[in-house]
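Hello,

Here is the structure for you to look over. My notes follow below it.

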Amino acid sequence: MIWLALVVVALTLGAAVAVLLLDNLLAATAAASAVSLGVAVIFVLLHAPDVAMTEAVVGAGLSGLILALALRRLGLARLDVGPGGGRNDA
Amino acid sequence: MTTQIGLVFFIAAIGLCVIGIGGIVLSRNLFRMVLALAIAEAGANLLLVLAGYRWDAVAPILSAGQMPAPMVDPVPQAMVLTAIVIGVGVQALALTLVVRVKQRYGTLDMQLARERMNAEIDATADVTPPRSQERPRGERPLPAPAGGAHD
Amino acid sequence: MTDLTLAVALPLLAAFVRPLFNAGALRWLGQLIGPVVLALVTVILFAHWSTFSEPFAIALGGFAPPLGIAFYVDRMALLFALAVPLVTLLLWPGDDGADGARRQSLTLLLAASLTGLALSGDLFNLYVFYELAAVASYGLVAGNGSSAGYVAAFRYLMISALGSVVGLLGIGLVYFKTGTLNLAELATLGNELADPQGLAAFAMLAIGFGVKAEMFPVNGWVPEVYGAASRRVAALLAGLASKLAVLVIVRILLLMFPSDEARQLLLVLGILGVVSGELAAYQARDMARMLGWSSIGQLGIVFIAFSLPGEAGLVAGVAAALHHLVVKSALFVLAGPWGGAIDRLRGAATVSALGAGLFVLFALSLLGLPPLPGFWSKFLVIGGLADAGTALHYLGMAAVLTGTVIEGAYLLRVITTLYAPPAGSPAPPRQRGSDLLTAGLFGIALLAAAVMIDPLWQTLDALAVSGVDTAAYQQTVLAAQEAHP
Amino acid sequence: MRNIATLLFLGGLAFLLIVITGSLDFGAPPMRIGTQIQAATAGDVGTANIVTAVVLGYRGLDTLGELSILFAAATAGGLVLGSAAARARPDGGFILRAGADLMFPLLLIAGLYIVIHGHLTPGGGFQGGVILAAAFFLPLLARPGTTPGHRWLMWIEGLSGATFIVIGLLALYRGDAFLTPLFDHGTLGELVSGGSLPLLYLAVGLKVGAELAGLLMRLAQDDEVTS
């Protein structure tokens, strides 16, 4: 249990840092969805199945979709070159 | 062991909050601010669920009308359900605003957008900006407030 | 059927169905539904106000209070709740088309949520209503259609959402320590929150709910939003919404954190708000942003008043809050045509004498000229500060007095500009009839308050006596099993 | 320089929060109202899933407020982006079209199933509503020219929201407090149980679904090319 928790927490926090550091916004969006998934797993560990399900469906699924649609509308939904010059592509 | 695992979860919740708040404060990109906000909210939600967690307890679902074992506190879970949905609504609204800002001012940079906004407010109010007399970096004159300011 | 929950439920219902009636044969119904519902809510609330005898609680859903959500109804809650539909009606956006329907929907949602903030006695429910008010106001600010409005709304949203995260952390902390959300039950557990962690929780909640109340560290959005949004929206936010947020903070302070430290925190934040707001207002060149900064300063005075202990503090705070509600709403309505550069207003009194006269009336009341209500509200604040008598309170007194002097400087500057001889071309802007009517109604309310200062005083006194009576709050709420008939 | 100052501030904030929360009793919460609610749910509300009992019963007003927030966000989104007619985008292609046709009924059924079983198992109006929104939204992705019934969605949205409030008001009419559950509880754990709560969850699911589908469509249409 504690090892599982440690791994999930480390991955979640890593993804959260990646959201801020990735130059490519589409990649950052994917990382944000990963954070939601990680948090959903933590909710399962905490015996909150309702919350976990909502976080997975809303946080990772719906919110990822909304973000991706907004990116497409902004004309930034590309993986190739980030707006900042592509320090950290994908 | 018990306090250790508690500490791990606490660090996750507080870490997410601090990373998210830091992202909002440090980032100049409007879109990334929206992402950072989602992270900060996830951290706050995690802390709320932690507030109802109990050792040796199961998920709060009755089977056969009886409580089989001690259950974790359902109230924070209900609150978090509410908070998650509120969060996604706010996020969607923020994104529509980002789309419009990009369209009107052609930038996703908070600093630039703010300068242009202040210049536009000054222009509609017919005030010359107090310090800098020159136009903001946008080379073309500011777009007229399309649709007309409401009054 | 005059249950008080209708005051929240009916505007929500109207908001949900309003978009269905913006075209076709039933368009007239869509135009009517908002004002009719708000008028109905006013009648319901007024009926309760006029027959009010003693505080009571409503257990929503029929669940006994610590478990379910409870509304707590005392004079203070009723007074603020009554102000919501009245002011919303006065500032009603009466426009047409699909966007007009949306604006009306959002205004109804704002009214419902603000009423909920006045009545609710549950920490998380307050948070939900507060978020509803926030989201509705983002929409109203952006609904202007100007590019500046979009950026201002986005910044407002970000600051507010940041506050919400901090506030949610505060709620989590409180729940961690006490395991309950009901304000009455939290009031019985005062000891559990009387430690540094409790103070931290109060600071977090104050930041969370302080964004809309224009509290010192989280008010960066104010000038931009009031400069970019339509003036009636600015009037609604500065006049009405901020007061309900203040009421929430006051309830939390009174019930959950009755410690001196929490009061001192509020006092310090209030002093900083007065000083920073008034100084920035002095430097503003246009009326809309000047009024915005000035409202930060005024709300600082309100916070200083509420930080005073006991009934005196509550009387002073409620008086200052109500006074600011009337005056700032009216000033923002007058700033509709006059919101631009102050220099451009030279000689505006010659084209709209009534508008200029009303501006002078409100400005003088804001400054605190003796027969007007503003004098009494400032008098109460300064008197209370003198009575409390610690060094921090004297500092607060100095801040209020200095703020008043600065306020006088910039308001008199506007007044002399209004009455200066016209500069020729371009002609000074003229006031519109509808705005003058709205501002005139606020002016009548102000003058009526000045005339009837004695009964008003007694009402406020009675209100404060029951307001500080946290024991009654606990008993009333925790004893409520069924809905009040 | 400013960044370093901010980072220092954030580090301080993290330290402060750790210190504040570190002394809390993790895993042994006071549960003042929690235990009472657990004990009372079977008798008071009659749903197997206690979280549902809290969401729709004990804290029903929060859920109404949450619906209103979603409605406010969708309305404000409409005000910001406008309800311009969608312009034809390149067609989604055969695979996407066929996939959408196949998925639409599946998603609809899955969404409704999750909504209807919300009082028994994890899940409910919100989770199911999101899936319903995906079901409504998918055809648009496949056939961009067609705007499948914006009006239709608007009516679902308005009427399901109104239904929630009217169910609450019916209790008021009966003499109970606003949002008191109606009907008998039924047998715990059966599909028809929990009084009017499943109805409320159905209204929530439809409203959330319509609301989010509208928001998604609004974001998906691109009225002009920005580069």
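Chain A puts 15 residues in contact with 13 residues of chain D (contact means C-beta atoms, placed from the backbone, within 7 Å). On the chain A side, these residues divide into 10 nonpolar, 3 polar and 2 charged. Nonpolar covers Ala, Val, Leu, Ile, Met, Phe, Trp, Tyr, Cys and Pro; charged covers Asp, Glu, Lys and Arg; the others, Gly among them, are polar.

This is a predicted model: local features need pLDDT of at least 70, side-chain atom pairs count only at pLDDT 80 or more, and totals for chains, interfaces and linings use all residues. Residues are numbered from 1 along each chain as its sequence is written, while chains are lettered from A and ligands numbered from 1 in the order in which they are written.

Next, chains C and D. Their contact takes 47 residues from chain C and 46 residues from chain D. On the chain D side, α2 (32-44), α3 (50-58), α4 (60-81) and α7 (150-174) each supply at least two residues (helices are DSSP runs of H or I, at least four residues, numbered from the N terminus). α4(D) gives the most, with 16 residues. The chain D side divides into 27 nonpolar, 13 polar and 6 charged residues.

Finally, a helix pair within chain C. The axes of α4 (residues 97-119) and α5 (residues 123-142) come within 8 Å and cross at roughly 155° (axes are lines fitted to C-alpha atoms over the stretch in contact; angles run from 0 to 180 degrees between N-to-C directions). That angle makes α4(C) roughly antiparallel to α5(C), a term for angles over 145 degrees. The residues of this contact divide into 12 nonpolar, 5 polar and 1 charged.

Best wishes

Notes:
Contact = placed C-beta atoms within 7 Å. Parallel < 35°, antiparallel > 145°, perpendicular 65-115°, else oblique.
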